[in-house]
Amino acid sequence: MDQKRRKNISKFLSLILRHSPETIGLQLDEQGWADVPELMGKAARRGQRFNMEELLEVVAECEKQRFALNEDHTRIRANQGHSVNVELALEVATPPEYLYHGTVGKFMQAIREEGLLKMSRHHVHLSEQRDTATAVGARRGLPVILTVHSGRMFRDGIPFFRSANNVWLTDHVPVKYIAF
Ligand code: HQG
């Protein structure tokens, strides 16, 4: 499968498994899992056809490990990034002393006033690597990288979660923990 097709299927899966399963008449369970045969059938009926081999390749080759399959490959879910209400049962984890967030200039005034908000997702997303944050910010324009004092936040009692694909998640980053 070429990279373009892989990306196309990956984008489709992100849309369905994170944001709008109802567009193909699919329902996720409470933990965000979808039935694989049902997903493939309903996707095909809307013109988005892929076989099991292709699905496995998309999941395995995804550089950000966006999706998880269960052991017998009958169920799939997105590891993070949801806007639909799912309970991922994320574990509280101790973050490193600093984490990074990539954004763009036009949001900076609001961020200086109210800190980092989760906007339409379930959490604020933070990266361990500056490079990753740069790539996240660059999706929207010239990236601005913010350093978050995650160690200090954690010691102050603010919980952090780590997704299966190593994205750090928290509810809100108040201004006092951001180094601009
Ligand atoms: C900004 C992708 C105004 C925030 C990426 C960001 C990531 C504020 C945008 C993952 C704000 C939200 C998440 C405030 C934050 N006022 N704007 N107070 N606080 N913002 O897409 O972090 O490819 O929901 O800076 O790689 O950009 O989908 O979050 O620019 O890992 O797997 O509001 O999505 O991963 O945007 O990206 P998003 P994000 P996937």
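In the predicted model, V84 is placed in the loop that runs between strand β3 (75–78) and strand β4 (99–104). Because 15 C-beta neighbours lie inside 10 Å of V84, this residue counts as partly exposed. When residues up to four places away in sequence are left out, V84 touches R18, H19, P21 and L28. A further relation of V84 concerns S120, which is 36 residues away along the chain, the C-alpha atoms of the two residues being separated by 9.3 Å.

The domain assignment of the protein gives domain 1 (3–78) and domain 2 (99–179), and the C-alpha centres of domain 1 and domain 2 lie 27 Å apart. Both domain 1 and domain 2 contribute residues to the shell around the ligand, and the ligand therefore lies between them. In total, 18 residues surround the ligand, and the closest are T103, F107, A110, L117 and H125. Helix α4, which spans residues 108–114, gives the most to this shell, with 3 residues. Sorted by class, the shell around the ligand is made up of 8 nonpolar, 5 polar and 5 charged residues.

The packing of helices was examined for α1 and α3. Two packed helices are described by the angle between their axes and the distance between the axes. For helix α1 (residues 3–19) and helix α3 (residues 52–61), the axes come within 10 Å and cross at roughly 85°. Since angles from 65 to 115 degrees count as roughly perpendicular, α1 and α3 are therefore roughly perpendicular to each other. On the side of α1, the residues that take part in the contact are R6, I9, S10 and L13, and these meet E54, E57, V58 and E61 in α3. By class, this contact of α1 with α3 has 3 nonpolar, 1 polar and 4 charged residues. Helix α1 also holds N8, which counts as partly exposed because it has 15 C-beta neighbours inside 10 Å. N8 and S83, which are 75 residues apart in sequence, are 20 Å apart in space, C-alpha to C-alpha.

Another helical position is that of M40, which is found in helix α2 (residues 36–45). With 19 C-beta neighbours inside 10 Å, M40 counts as partly exposed; a residue is classed as buried if 20 or more other C-beta atoms lie within 10 Å of its own. The C-alpha atoms of M40 and F50 are 7.1 Å apart in space, and the two residues are 10 residues apart in sequence.

Although H73 is not a glycine, its phi is positive, at about 60°. H73 lies in the loop between strand β2 (67–69) and strand β3, and it is exposed because 12 other C-beta atoms are found within 10 Å, where the limit for an exposed residue is 12 or fewer. For M119, likewise not a glycine, phi is positive at about 50°. M119 lies in the loop between helix α4 and strand β5 (124–126), and with 9 other C-beta atoms within 10 Å, M119 is exposed.

The remaining loop position described here is D171, whose place is between strand β8 (168–170) and strand β9 (178–179). D171 has 14 C-beta neighbours inside 10 Å and therefore counts as partly exposed. Not counting residues up to four places away in sequence, D171 touches K118 and H123. The separation between the C-alpha atoms of D171 and N51, which are 120 residues apart along the chain, is 37 Å.

Terms used:
Residues numbered from 1 in each chain as written. Predicted model: local features only at pLDDT ≥ 70, side-chain atom pairs only at ≥ 80, totals over all residues. Axes fitted to C-alpha atoms, helices over the stretch in contact; angles between N-to-C directions. Helix = DSSP H or I, 4+ residues; strand = E, 2+ residues; numbered from the N terminus. Parallel < 35°, antiparallel > 145°, perpendicular 65-115°, else oblique. Contact = placed C-beta atoms within 7 Å. Nonpolar A, V, L, I, M, F, W, Y, C, P; charged D, E, K, R; others polar. Near = placed C-beta within 6 Å. Domains from an automatic or database assignment.
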